[in-house]
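Let's look at a protein model together, one question at a time. Take a moment with the view below, then follow along.

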Amino acid sequence: MKYAAIALLAIPLVAQTKPPTYTHDIAPILYRSCAPCHRPGESGPFSLLTYEDAKRHAREIAAVTHSRYMPPWLPQPGYGDFADARRLTDAQIQCIAAWVNADAPEGPASESPAPPHFTNGWQLGPPDLILEASHPLILSASGPDVFWNFIYKPHISATRYVRAIEIRPGDKRIVHHANLIIDRLHMAERQEVKAGAGFPGMDLNIESSVFDPAGHFLFWKPGTVPRVEPDGFAWRLDPGNDLVLNTHLQLTGKPEKVQPSIGLYFTNKPQTQFPILVQLEHDGALRIPAGDRDFLVSDDFRLPMDAEVLAVYPHAHYLGKLLEGYATLPDGKRVWLIRIPDWDLNWQAVYRYRQPVFLPKGTVISMRYHYDNSDANPRNPNRPPRMVQAGNHATDEMGHLWLQLLLKGPGDRRRELEEAVVRHRIEKYPDDGMAYLDLGTLMLSRLETQSAVPVLEKAVLLRPKDSQPRNLLGAALSRVGRLQEATQDFQIALKLDPDNVNARYNLVYALVKAGRLGQAAENLKLVVAAYPNDPSLRNLWGELLSQQGDYSAAIAQFDKAIALKPDFADARKNREITQARMSK
Amino acid sequence: MDYMRFLALLMTCGLAAAAGLSPFDTPAKARVLLFVRTDCPLTNRYAPELQRISQEFAARGVTFWLVYPGKTELEKDIATQVSEYRLPGTVLRDPNQDLVKRAHATVAPEAAVFDAEGKLRYHGRIDDRWSDFGKGHQSAKTHDLEDAIADLLDGKPIAHPETHVIGCALADVE
């Protein structure tokens, strides 16, 4: 038996008579899989471009490739076919080990492949617009990682379509990864203590309108060439939109200054394809007891229509261990979307499928995330472990599976999907007033006014201090002819928030319908003050004034409306009528 | 050694090497050797912690030495690293890795603590923040180097005279 064992062991040794050399075997691996980051000015802490570079780090290279820490690539092969996979093959890893064991021989220079060619500076050429963070962030020399958000205010005079972004974070050894979020409603700046200063936080909660949902992952990680959206997929940037850069920063051992720039690349081809981002999550169930080694968080979402999955972005903090996402087709077949056996927040990324994954209507998409909140988890930020809940600090937890979906079928089906998402949210969180508000908004937009009323009543009940549910309930009641109740709701909405211009505008209409023109005009005056350049508001105000007999004031408003919009036929006609009344 | 030769050496090899300094020539209650490399990011990230420890013990008769093993480290890279990251201790070159062998050091950043007699009493990690490449806690729980120095000064036995270090192999810069 002993002899047999020795003979078995001897086989690989005999087969490996000629050890690998740098020029013949190792350089091709390093050039392709390591050098994109391990070169001057990039994120890798040292270069791997020459034999001397490789030799100085030979044992580290063997160790980190063996553990698959490098090159960083989290998904398990066979569980989703992703573009730009950075994973080394087992044979490549064994080759590196054999090379190091043989004392890292160089080999003949003639066998070396041509060194890789890299573009310096902006990878896609000069951007059409460069945005720079208005204030730098000063980092201290040591401490835990920093999560910081920079706000950018692009100066554009007309709507542009963005086909690519490139983020130049400054020192790439500090900025580990970054996410860019389009903030159309100026949600982020409310979190700044000082304008332009930015604000901390690992996760960003930027609300978007249900009529304009987010559709793109704008993710940056070091060592990758920026993605250019195919024709029709460019995203819209309107004047006045903010962009928020959510960054993960690692301290280096000395104080550092971080001031990232963003390059935007525009196209003349407007958006014709509208993907939508969908999030599976159950943060409300995230209450991980201290010491728990395997805490499961799950979510399951049924697709209401055919769709293609274009990309996936799993996200958890430091306690996440095994992250799984899969789809169960109507025929019961399971399609894996992603499986990450050893989650590492530091290397989180958006994974794009080589070919879109088609999921038929009725498919159930599932998220199964496992967390380790014990001391045995080397990444546990709490020492000793403590009970952890959902939150956007590094010491809190998260569990999100984001999918970029392209919906199939006639027309724009995003609102249908949003409704399914929001109904699912209500299943998970029966007390989520925002979910009822969103559902009510979607129903109103589809003119399902009758059924929107009870939904919005529920939103009002759950968010009694919020002006918007009251306003929308009023809008629904007004449409079904319950004018008196509607008027009351608008008035309550305005008591809760006197600056809710929408509610005031709705109140004006309800008052007009009820024939209370004087009160309507008073309120409309305030709406016009908020939107002085809106011609239709001026026209409406003119009409009210004219009906009350205040002709000269009415004509002044029609003139302003026409000045703002010279081809405004209604305003011109109203002006003529008023003039006629005046001369009577 | 005549003055001109001394000056020439000073210019080529840097201060400590030229002066022929050894951690064991000057009396000290404890001598802490920090094995470092210019191209090791983990070394840099430990700089603030190493400053803190050196300040804590400087007044208690402990000397700190910043040892660069290997022949290939460039003087200018060493000078840049020491000044940018404010690494503590007197810089030493260890081209033949004699100090590396004496301290049983294997990677950067590894620390070794020798007692007044020059006997090795501790070698290993600075603290337990890193358990593997890429697997680091946000803060340390055990401060192994600090504890070892304190125990030695207090005349106590050192609880863990050897600990495992994550870092860049010193053998690769031989």
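Q: In this predicted model, how are H14(A) and H15(A) oriented to each other, roughly parallel or roughly antiparallel?
A: Helix H14 covers residues 551-564 of chain A and helix H15 covers residues 569-583 of chain A. They pack at an angle of about 160°, with their axes 9 Å apart. Angles over 145 degrees count as roughly antiparallel. The two helices H14(A) and H15(A) are therefore roughly antiparallel.

Q: Is the crossing of H14(A) and H15(A) left-handed or right-handed?
A: Two packed helices are described by the angle between their axes and the distance between the axes. Handedness can be given for this pair too: the crossing of H14(A) and H15(A) is left-handed.

Q: Which class gives eight residues to the contact of H14(A) with H15(A)?
A: On the H14(A) side, the residues that meet H15(A) include Tyr551(A), Ile555(A) and Phe558(A). On the H15(A) side, Ala571(A), Arg575(A) and Met582(A) are among them. By class, the contact has three charged residues, three polar ones and eight that are nonpolar.

Q: What is the bridge partner of Ile276(A) in E21(A)?
A: Strand E21 spans residues 399-407 of chain A and runs antiparallel to E12(A), with six bridges joining them. Within E21(A), Ile276(A) has as its bridge partner Leu405(A).

Q: Why is one side of E14 and of E17 in chain A left without a neighbour in the sheet?
A: These strands belong to an open sheet of four strands, in the order E14-E19-E16-E17, with antiparallel pairing. Its neighbouring strands are turned by 15° against each other on average, direction ignored. Strand E14 (295-302) and strand E17 (334-340) of chain A stand at the edges, so one side of each is left open because each has a single partner strand.

Q: Which residue takes a positive phi in the hairpin of E5(B) and E6(B)?
A: Strand E5 (residues 110-115) and strand E6 (residues 120-124) of chain B are paired in the antiparallel sense over four bridges. One bridge partner pair here is Ala112(B) and His123(B). Four residues lie between the strands, and the one with a positive phi near 85° is Gly118(B).

Q: How many charged residues are on the side of chain B that touches chain A?
A: In total, 24 residues of chain B are in contact with 27 residues of chain A. The elements of chain B that give two or more residues include helix H4 (47-58), helix H5 (75-85) and strand E7 (130-132). By class, this side of chain B has 10 nonpolar residues and six polar ones, while the charged residues number eight.

Q: What percentage of the residues of chain A count as buried?
A: Chain A has 15 helices and 21 strands, and its C-alpha atoms fill a box of roughly 120 × 50 × 45 Å along the principal axes. A residue is buried if 20 or more other C-beta atoms lie within 10 Å of its own. Of the 584 residues of chain A, the share that counts as buried is 39%.

Definitions and conventions: Residues are numbered from 1 along each chain as its sequence is written. Chains are lettered from A and ligands numbered from 1 in the order in which they are written. This is a predicted model: local features need pLDDT of at least 70, side-chain atom pairs count only at pLDDT 80 or more; totals for chains, interfaces and linings use all residues. Axes are lines fitted to C-alpha atoms, for helices over the stretch in contact, and angles run from 0 to 180 degrees between N-to-C directions. Angles under 35 degrees count as roughly parallel, over 145 as roughly antiparallel, 65 to 115 as roughly perpendicular and the rest as oblique. A crossing is left-handed if the near helix is turned anticlockwise from the far one by less than a right angle, and right-handed if clockwise. Two residues are in contact if their C-beta atoms, placed from the backbone, lie within 7 Å. Ala, Val, Leu, Ile, Met, Phe, Trp, Tyr, Cys and Pro count as nonpolar, Asp, Glu, Lys and Arg as charged, and the others, Gly among them, as polar. Two strands pair if DSSP finds at least two bridges between them. A residue is buried if 20 or more other C-beta atoms lie within 10 Å of its own, exposed if 12 or fewer, and partly exposed in between; C-beta atoms are placed from the backbone.
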